[in-house]
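Let's take a walk through this structure together. Have the sequence and the 3D view ready as you read.

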Amino acid sequence: MPDFSFEDKYADEVVGIDEAGRGPWAGPVVAGAVVFHNRNESAELLQELNDSKKLSAKKREKLYALLQEEQAKGNVSIGVGEASAQEIDALNILQATFLAMKRAYQKLDKQPKFALIDGNRTPKDFPCSTQTIIKGDALSMSVSAASIVAKVYRDRLMQNLAKKYPYYGFEKNAGYGTKLHIDGLRGHGICDEHRKSYKPIQEFMK
């Protein structure tokens, strides 16, 4: 379970950053950035935070709502950044992920001097000092919270895109290559939200 041991190594405030949506064939990649300003956040939030992939959709939504409540009280700051399918195609998914992370950091009311970033790749030219943490979303409270913010925000975004592009099941698969998504591609071709640099999508463009 995550705790504050990584955050506590630093004298100043630290932001945790994580992304959602590197693997899907469609839609943006989204990054979340979360700063815990104190340890006065709700006990429920602190006890239940975990890697978003280990939580049910219902639990993620609940924790997302708790994070929003803590932000309203001034205990937490949240930033969200996106990089579009077009940016992913232009830059590649890794650089687009770094761009989304930078945008999430810049959306914070006040930017800390230090960031904990999930994974093992350090973004180039990041606006502050960084430390990467492998499986950070399961180890650091800030990164865990960022993983939930990114995942819930992106899932909601894909549910909205499903209304505009109803053939691919985005509301269920979030843009991943499920059977429903493949059937939609076979029947209707690609849409503006598909990542044209991804090999499976290139197959449907032939």
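We'll start with the sheet, move on to the helices, and finish with the pockets.

First, some ground rules: this is a predicted model, where local features need pLDDT of at least 70, side-chain atom pairs count only at pLDDT 80 or more, and totals for chains, interfaces and linings use all residues. Residues are numbered from 1 along each chain as its sequence is written, and side-chain values use heavy atoms, with hydrogens and water left out.

Look for the sheet. Five strands make an open, mixed sheet, in the order β3-β2-β1-β4-β5. Here, strands (E, at least two residues) and helices (H or I, at least four) are DSSP runs, numbered from the N terminus, and two strands pair if DSSP finds at least two bridges between them. Strands of a sheet pair through backbone hydrogen bonds, either parallel or antiparallel. At the edges stand β3 (76-83) and β5 (129-133), each with a single partner strand, so one side of each has no neighbour in the sheet. From one strand to the next, the twist averages 25°. Angles run from 0 to 180 degrees between N-to-C directions, with axes fitted as lines to C-alpha atoms, for helices over the stretch in contact.

Now zoom in on β1 and β2 (residues 29-36), which pair in the antiparallel sense over six bridges. One place to look is Asp18, whose bridge partner in β2 is Gly32.

What lies across the strands? Helix α2 lies across β2 and β3, at about 120° to β3, where contact means heavy atoms within 4.5 Å. Helix α4 (residues 93-106) lies across β1, β2, β3 and β4 (114-118), running at about 145° to β3.

The whole structure has 14 salt bridges, each a side-chain nitrogen of Lys or Arg within 4 Å of a carboxyl oxygen of Asp or Glu.

Finally, the pockets. A pocket is an open set of points on a 1 Å grid over the protein atoms alone, where a 1.4 Å probe fits, with protein on both sides within 12 Å along at least five of seven lines; lining residues have an atom within 4 Å of a point. The largest pocket holds about 340 Å³ of space. Of its 19 lining residues, Glu19, Ala20, Gly21, Lys53 and Tyr176 are the closest to its centre. Both β1 (14-20) and α5 (141-164) give two or more residues to that lining, and α5 has the largest share, with four.

The second largest pocket is lined by 13 residues, with Ala57, Arg60, Asp155, Gln159 and Glu171 nearest its centre. Here too α5 gives the most, five residues.

Notes:
Points joined across faces, edges and corners; volume = space filled by probe spheres on them.
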